[in-house]
Amino acid sequence: MADLKYYDVILAPVITEKSMNAMTERKYTFYVHTDATKNQVKEAVEKMFEGAKVASVNTMNVSGKKRRRGYVTGKTAARKKAIVQLTEDSAEIEIFAGL
């Protein structure tokens, strides 16, 4: 397991129609480091976003898709997604405020 700091855990927010609809239930989706654990994701969200209190974290490994360019075949990189559920008394996450 890698020695990850909290600022290395969260890579990017996931901006899709499904993740935007889940925000009404106070669920936020992020791409995270593939070696990150649920506890590391929770710690990273609470440290990076002031006032955020995490109730639960669900993670999933997303395998890479097969791609082809002419004769050459390959595969895109595998990713890990985390869906973070905030508590009721938690502050909103600012990066999703204008979306």
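1. Basis. The model is predicted, so local features need pLDDT of at least 70 and side-chain atom pairs count only at pLDDT 80 or more, while totals for chains, interfaces and linings use all residues. Residues are numbered from 1 along each chain as its sequence is written, and side-chain values use heavy atoms, with hydrogens and water left out.

2. Sheet. Four strands form an open sheet in the order S1-S2-S6-S3, with antiparallel pairing. S1 and S3 are at the edges with a single partner strand each, so one side of each has no neighbour in the sheet. Neighbouring strands of this sheet are turned by 30° against each other on average, direction ignored. Strands (E, at least two residues) and helices (H or I, at least four) are DSSP runs, numbered from the N terminus. Two strands pair if DSSP finds at least two bridges between them.

3. Strand pairs. S1 (residues 10-13) and S2 (residues 27-32) run antiparallel and are joined by three bridges. Within this pair, Pro13 has Phe30 of S2 as its bridge partner. S2 is also joined to S6, again antiparallel, by six bridges. Here Tyr31 is partnered by Lys81 in S6. As background, strands of a sheet pair through backbone hydrogen bonds, either parallel or antiparallel.

4. Helix on the sheet. H3 lies across S1, S2, S3 and S6, and runs at about 125° to S3. Axes are lines fitted to C-alpha atoms, for helices over the stretch in contact, and angles run from 0 to 180 degrees between N-to-C directions.

5. Core. The largest nonpolar core has 19 residues, of which Phe30, Val41, Val45, Phe49, Val84, Leu86 and Ile93 touch the most other members. S2, H3, S3 and S6 are the elements that give two or more residues to this core. A nonpolar core is a set of buried Ala, Val, Leu, Ile, Met, Phe, Trp, Tyr and Cys residues joined through side-chain atoms within 4.5 Å. Not counting residues up to four places away in sequence, Val41 touches Val9, Val32, Ala36, Val57, Ala82 and Val84; contact means heavy atoms within 4.5 Å.

6. Salt bridges inside and beside elements. There are five salt bridges in the structure, each defined as a side-chain nitrogen of Lys or Arg within 4 Å of a carboxyl oxygen of Asp or Glu. One of them links Glu43 to Lys47, with the closest N and O atoms 3.1 Å apart. Both residues lie in helix H3 (residues 38-48), four residues apart, about one turn of the helix. Glu43 is partly exposed at 37% relative accessibility, as is Lys47 at 49%. Accessibility classes are buried (under 20% relative accessible area), exposed (over 50%) and partly exposed (in between), with a 1.4 Å probe and protein chains only. Another bridge joins Glu25 and Lys27, where the closest N and O atoms are 3.9 Å apart. Glu25 is partly exposed at 48%, and Lys27 is partly exposed at 28%.

7. Salt bridge across the sequence. Asp89 and Lys53 meet through their side chains at 3.5 Å, N to O. Asp89 is in the segment after strand S6 (79-86) and Lys53 in the loop between H3 and strand S3 (54-62), so the pair ties together parts that are 36 residues apart in sequence. Asp89 is exposed at 57% relative accessibility, whereas Lys53 is partly exposed at 42%.

8. Ser90. This residue is found in the segment after S6 and is buried, with a relative accessible area of 8%. The Ser90 side chain reaches the backbone oxygen of Gly51 at 3.4 Å. Leaving aside neighbours within four places in sequence, the contacts of Ser90 are Arg26, Gly51, Ala52 and Lys53.

9. His33. The loop between S2 and H3 holds His33, which is partly exposed at 24% relative accessible area. Not counting residues up to four places away in sequence, His33 touches Leu4, Asp8, Val9, Leu11 and Lys80.

Conventions. Polar contact = N/O pair within 3.5 Å; in protein donor to acceptor, adjacent residues only side chain to side chain.
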